[in-house]
Amino acid sequence: MMLGSMVSLLMEGMITSIEIFLLTLLFSLPLGLLIAFGRMSKFTPLRLIMKVYISIMRGTPLMLQLIVVFFGPYYIFGTTLSPDYRFIAVIIAFSMNYAAYFAEIYRGGIEAIPKGQYEAAQVLGYSKIQTFFIIILPQVFRIIIPSVTNEVITLVKDTSLSFVIAIPEMFTVAKQIAAAESSIAALIVAGVFYYVFNVLVAFVMARLEKRYDYLN
Amino acid sequence: MSLLEVKNLKKSFDENVVLKDISLNVEKGEVLCIIGPSGSGKSTLLRCITDLEQEDSGDINFDGTFGLVFQDFNLFPHHTVLKNIINAPLKVQKRDKNEVLKSARDLLKKMGLEDKEDAYPHELSGGQQQRVSIARALAMNPDILFFDEPTSALDPELTGEILVVIRDLAAENMTMVIVTHEMSFARNVGDKIIFMDDGYIIEEGTPEKVFSSDNARMKEFLGKFYD
Amino acid sequence: MNKKIGFILALVVIAFLVMGTASAGLFDFLGGGSNNSARVNNDNNTFIVGFDAEFPPYGYKNGSEYVGFDLDLAQEVCKRNNWTLVKQPIDWDAKDAELNSGSIDCIWNGFTINGREKSYTWSEPYIDNKQVVVVKADSNIKSLSDLKGKIVETQKDSSALHALQGDNKTLGESFGKLQEVADYNTGFMDLESGACDAVAIDIGVAEHNIHSRNSTTKFVILNDTISSEKYGVGFKLGNTQLRDQVQKTLDEMFADGTVAKIAANYTNDGVPGSLVRK
């Protein structure tokens with residue numbers, strides 16, 4: 001197979017991978033913040049629920065979570081599964097899983113901010129919401145960007161797990177081409193794709209890191 | 001009526017009673033210095049008055065705006081010097097930007113930091129940071145300015161520059177309450193001195209009166225500084 | 001954070017947690033199609049075939065299309081029943097969950113019946129993938145026992161090799177040498193030149209090679225088979241209604257020669273030689 005046609009075939013899978021990647025970030029980054037708040041709440045039941053949630057999401061394989069989210073409705077409620085639900089299930093499972101990791105990263109960042117920052121903001125009359133968004137969050141960003149970068153790069157590669165519920169993302173397409181062609185060339189090309197994708201991600205994150213690095 | 005009135009203030013943390021029965025007044029234009037050994041409740045008193053702690057009982061009557069200068073500055077590290085100063089007047093007090101900028105630059109000039117407005121806090125010395133934090137508090141146009149051990153985190157050679165700033169403010173009749181360990185400074189700048197120990201006000205009055213007190217605890221405390 | 005905000009947050013997050021399981025139910029409820037039993041028939045006249053897209057010639061990717069002998073059969077079955085075929089490549093490890101939950105209607109993909117008889121409702125076998133032995137026509141090897149001490153070649157990672165190293169290990173060990181070659185082309189060249197005494201091979205591939213070489217007189221296939229595996233279409237256990245309909249159509253297709261015609265398109269892969277009914 002010509003390299004050009006191989007790349008164009010892989011492109012379909014690549015688009016699926018990118019969709020999973022972007023939608024997961026779109027939902028998991030804010031959801032992680034909510035979970036982090038719950039995890040740090042003074043309201044004990046909420047704090048415990050979030051602790052258990054994070055523990056389960058981090059303590060079980062994402063592949064299992066994908067299976068549970070997709071097949072769960074049938075096994076629990078006997079619901080007929082619509083084909084459209086496959087992709088929705090991927091986004092739900094990825095978002096829930098990554099939100100748990102992001103929540104712990106946020107929590108680490110938020111807890112690293114000295115109490116004096118809150119007090120200074122309070123004395124200056126900032127509201128709680130202003131304090132969080134103007135004073136705390138930008139400092140949290142600087143602290144957490146390296147950890148977030150790690151997770152985001154892992155996410156790029158984790159998208160390949162979604163084939164467990166039959167979403168043909170790039171790596172699956174590459175394996176199919178490799179099987180049809182009896183050659184691993186497609187897998188190598190897929191590897192290059194992932195690498196380029198991650199170099200791009202790392203570049204964007206490095207820019208962000210620089211933007212928030214007020215200490216240098 | 002006094003600008004600030006504190007009556008029968010009590011505060012404890014769990015079993016530890018920190019403020020046992022504190023009453024005091026601060027008049028407009030007055031400089032009150034609060035001295036006393038560590039753990040006597042000075043900082044807690046200031047924190048109750050500035051709402052950073054909730055008192056258990058007692059009254060705090062104060063109708064106006066205040067500023068607080070912390071021991072370790074608590075500048076916002078991600079904001080430039082200028083933004084540290086102008087952000088609250090703009091975002092909280094919603095004042096006019098040109099007016100705020102002008103007053104911030106006047107304050108920086110007064111603090112000898114006119115060339116530092118674009119610097120970040122970590123690029124400044126401790127003394128410079130504390131001057132920025134004083135400017136930040138003053139930018140809110142407070143009726144009263146509280147200082148919580150403003151020189152304790154500074155090297156001795158940087159202490160002087162902060163004391164000079166506070167002295168200048170006193171000369172402009174700024175109302176201030178200063179918790180401090182600098183005895184000679186308290187004596188020189190304070191219109192009134194309060195000596196606290198173990199959650200009580202032990203001695204209170206003019207510097208002359210307090211520093212020549214016959215109270216045993218007062219004498220013991222001062223002895224540690226003049227030995 | 002005060003308790004009220006905490007409580008609202010708890011609600012939001014719990015709502016999100018149940019969303020994963022509830023949303024499908026909700027969609028379905030809104031569509032009015034909910035029932036508590038797995039569907040026994042294919043809904044909306046769509047026929048969703050689950051297959052492993054890495055298994056040529058039965059199902060694989062060709063360009064941007066999924067093709068293969070099994071998918072061609074499925075296409076013809078759908079055409080005759082006025083169904084729309086959905087080719088759903090699946091993760092082979094999730095095939096049972098896919099089938100049981102009704103997200104696919106059948107597994108049709110060189111799916112071996114042997115050993116799985118009781119796990120699925122099966123169509124009748126349509127492919128008999130026998131592993132056989134090819135020898136020279138003038139050879140004195142007439143049965144598997146004659147292979148003792150002989151040099152036998154097979155392709156690396158082939159079904160025959162697996163059988164000779166697994167279930168038929170005793171037979172494999174009786175050979176003088178079990179030699180792996182990269183492809184059967186080499187095997188047949190070795191057989192012809194005398195470099196080996198026999199080739200162990202899938203029957204379809206054997207027939208394909210013998211015919212394409214025009215050497216029906218030169219080589220013979222022993223009647224004894226090393227092993228055999230039968231392929232069928234697997235339906236959810238109990239889904240006889242859909243199985244019967246597909247079986248009926250398949251029977252018609254065998255009868256009118258359509259199956260053989262489709263198999264002919266995969267001659268190079270030896271499919272015609274493996275058909276249960278010719």
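## Around Phe146(B)

Two residues are in contact here if their C-beta atoms, placed from the backbone, lie within 7 Å.

A word on the model before going on. It is a predicted one, where local features need pLDDT of at least 70 and side-chain atom pairs count only at pLDDT 80 or more, while totals for chains, interfaces and linings use all residues. Residues are numbered from 1 along each chain as its sequence is written, and chains are lettered from A, with ligands numbered from 1, in the order in which they are written.

## The nonpolar cores

Phe146(B) also turns up in the largest nonpolar core, which has 166 residues; Leu10(A), Leu66(A), Ile165(A), Ile34(B) and Phe146(B) touch the most other members. (A nonpolar core is a set of buried Ala, Val, Leu, Ile, Met, Phe, Trp, Tyr and Cys residues joined through C-beta atoms within 7 Å. Buried means 20 or more other C-beta atoms within 10 Å of a residue's own, exposed means 12 or fewer, and partly exposed is in between, with C-beta atoms placed from the backbone.) The top contributor to this core is helix α4 of chain A (residues 85–111), with 17 residues. Apart from it lies another core of 24 residues, including Val152(C), Ala160(C), Leu171(C) and Ala200(C).

## Two helices in chain A

Helix α4(A) also pairs up with helix α6 of chain A (residues 128–158): their axes come within 8 Å and cross at roughly 150°. (Helices, H or I with at least four residues, and strands, E with at least two, are DSSP runs numbered from the N terminus. Axes are lines fitted to C-alpha atoms, for helices over the stretch in contact, and angles run from 0 to 180 degrees between N-to-C directions.) On the α4(A) side, the residues that meet α6(A) include Tyr98(A), Phe102(A) and Ile105(A); among those they meet in α6(A) are Val140(A), Ile144(A) and Glu151(A).

## A covered helix in chain B

In chain B, α4 (residues 126–138) is mostly covered, with 11 of its 13 residues buried. Among the buried ones are Gln128(B), Arg131(B), Ile134(B) and Leu138(B). The cover includes β5 (66–69), α2 (81–91), α3 (97–110), β6 (144–148) and α5 (156–171) of chain B.

## Two loop residues with positive phi

Asp14(B) sits in the loop between β1 (4–13) and β2 (16–26) of chain B, and its phi is near 55°, a positive value in a residue other than glycine. Asp14(B) counts as exposed because it has 5 other C-beta atoms within 10 Å.

Asn173(B), in the loop between α5 and β7 (176–179) of chain B, has a positive phi of about 65° although it is not a glycine. Asn173(B) is exposed too, because it has 11 C-beta neighbours inside 10 Å.

## How the chains meet

Of the 2 pairs of chains in contact, A and C share the most contacts. Chain B puts 15 residues in contact with 17 residues of chain A. No contact joins chains B and C, whose closest C-alpha atoms lie 16 Å apart.

Glu54(C) is one residue that reaches across: setting aside residues up to four places away in sequence, Glu54(C) touches Lys175(A), Gln176(A), Ala179(A) and Tyr60(C). Glu54(C) is found in strand β2 (residues 54–55) of chain C and counts as partly exposed because it has 18 C-beta neighbours inside 10 Å.
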